[in-house]
Amino acid sequence: MSSPELMDKIVSLCKRRGFIFQSSEIYGGLNGAWDYGPLGAELKRNVKNAWWQSTVHFRDDVVGLDCSILMHPKTWEASGHVANFVDQLVECKKCNKRLRPDHLDNGRCPQCKNNTFSDPRAFNLMLKTFLGAMEDSSATVYLRPETAQGIFVNFPNVIDSTHRKLPLGIAQIGKSFRNEITPGNFTFRTREFEQMEIEYFCRPEDAAAKYEEWIQARFQWYKDLGIKPENLKLRPHADDELAHYAAGCTDVEYNFPFGWSELEGIANRGAYDLQQHEKFSGQDLQYKDPVTNEKFFPHVIEPSGGCDRGTLAFLVDAYHEETVNDATRVVMKFHPKLAPIKVAILPLAKKSEGIVTLAKKIKSELQKELVCVYDETAAIGKLYRRQDEIGTVFCVTVDFQSLEDHQVTVRHRDTMVQERIAIDHLREYLKKHLGF
Ligand code: GAP
């Protein structure tokens with residue numbers, strides 16, 4: 001299958017089965033914005049939970065934070081976003097399309113083929129809005145273009161309120177906004193997206209080792225959640241790609257159908273951000289060692305990932321087509337932790353009151369701990385295919401014999417192997433195989 005064909009199939013499955021819809025579709029859509037449907041919302045929530053668990057709950061040296069999207073405008077002067085978060089754009093003199101000079105088609109406008117353009121002008125990618133009743137520059141605020149700055153400005157609050165010592169990471173998941181010139185590749189580059197970011201504050205002399213540790217930890221996270229190793233690579237940035245203050249940056253890249261592209265960056269940012277915020281706020285943002293009373297600016301390692309990009313990679317990697325009995329079986333082989341639905345309860349005969357009652361009773365017990373669905377709207381073969389296509393890990397079929405022997409058939413998604421399991425042991429069996 002060609003790469004564009006694969007991407008088309010994934011986009012179509014996402015819409016058909018309720019993973020991802022175009023935003024405001026009934027009005028013709030909004031470029032660079034997408035909505036997650038019932039299954040996509042579960043999947044994305046599972047990605048975020050897996051990230052939070054691995055980076056906050058399973059570690060002793062990271063705490064969480066949840067900051068507002070709107071921040072004091074000085075934040076973005078200090079961070080450098082007002083001055084530097086820009087793309088150079090030229091405007092086509094015929095159709096007025098604005099585009100990056102490197103996106104011209106052999107010197108011509110890709111829209112109208114004209115070859116005369118304005119001089120390049122800086123275009124800031126931050127989205128602006130106004131607070132309160134006034135719509136002038138005194139009321140201008142920005143929708144944050146990254147969650148990171150909320151963490152930096154709260155560094156003293158977190159240290160003072162938790163009495164934690166270095167090294168300490170602060171993690172946050174949240175929405176960010178960028179007025180991208182060329183959103184595209186489905187949810188890969190959008191104007192509204194969610195980030196999963198950590199600012200890991202450490203002593204300057206420990207930064208190089210922590211940088212290497214975080215690169216490995218973040219790379220491993222994607223592998224542990226089932227991404228095929230051959231579809232992942234690390235790409236260290238060349239010196240001329242680095243910000244002047246950065247000592248290093250490495251991207252985790254995924255082999256998307258449209259090419260190798262960034263999922264996450266891990267940066268060794270030095271002390272730049274805290275120093276900038278101290279300069280612009282006039283507040284003391286240095287860390288004071290509680291034992292030695294030594295004061296210094298911690299250095300920062302920043303693993304910064306995109307939740308939507310991660311979710312897209314998990315969707316792409318999960319997509320499989322297999323031939324079974326001369327028919328194509330589409331199966332989403334999500335890691336059990338990420339699968340939107342863990343168990344489908346399927347009655348073999350929807351007209352049998354005994355079977356339906358038992359199936360619904362099993363569902364109501366299981367759903368206290370596992371995300372389940374009940375479906376009786378088709379024949380069993382079709383129900384299995386439907387669940388395969390959304391990546392449901394187990395199907396549990398209740399049949400006439402279940403009423404006699406108190407057993408059900410458990411079907412495994414990936415192997416299609418079926419086993420008879422006693423209803424009394426079902427919960428433990430499923431949890432064990434799901435790794436819960
Ligand atoms: N604080 C550092 C920072 O924001 P970034 O490389 O600009 O770094 C981090 O963004 C991650 O956020 C990217 O690796 C990507 O996963 C995600 N991201 C950035 N821009 C995005 C966009 N327009 N659409 C979707 N995800 C985006």
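I call a residue buried under 20% relative accessible area, exposed over 50%, and partly exposed in between (1.4 Å probe, protein chains only). I worked on a predicted model, where local features need pLDDT of at least 70, side-chain atom pairs count only at pLDDT 80 or more, and totals for chains, interfaces and linings use all residues. Residues are numbered from 1 along each chain as its sequence is written, and side-chain values use heavy atoms, with hydrogens and water left out.

**Salt bridges**

I searched the whole structure and got 38 salt bridges. I count one when a side-chain nitrogen of Lys or Arg is within 4 Å of a carboxyl oxygen of Asp or Glu.

I looked up Glu365 next. It pairs with Lys368, the closest N and O atoms being 3.2 Å apart. Glu365 is partly exposed at 46% relative accessible area. Lys368 is exposed at 60%. I also noted one network, joined by salt bridges that share partners: Glu322, Arg329, Lys333, Arg385, Asp388 and Arg411.

Is the pair Lys44 and Asp308 buried or exposed? Both residues are buried. Their closest N and O atoms are 3.1 Å apart.

Lys15 bridges to Glu25, with closest N and O atoms 2.8 Å apart. Lys15 is partly exposed at 44%, and Glu25 is partly exposed at 36%.

**Lining by class**

I then sorted the lining of the largest pocket: 15 nonpolar, 16 polar and 18 charged residues. Ala, Val, Leu, Ile, Met, Phe, Trp, Tyr, Cys and Pro count as nonpolar, Asp, Glu, Lys and Arg as charged, and the others, Gly among them, as polar. A pocket here is an open set of points on a 1 Å grid over the protein atoms alone, where a 1.4 Å probe fits, with protein on both sides within 12 Å along at least five of seven lines; lining residues have an atom within 4 Å of a point.
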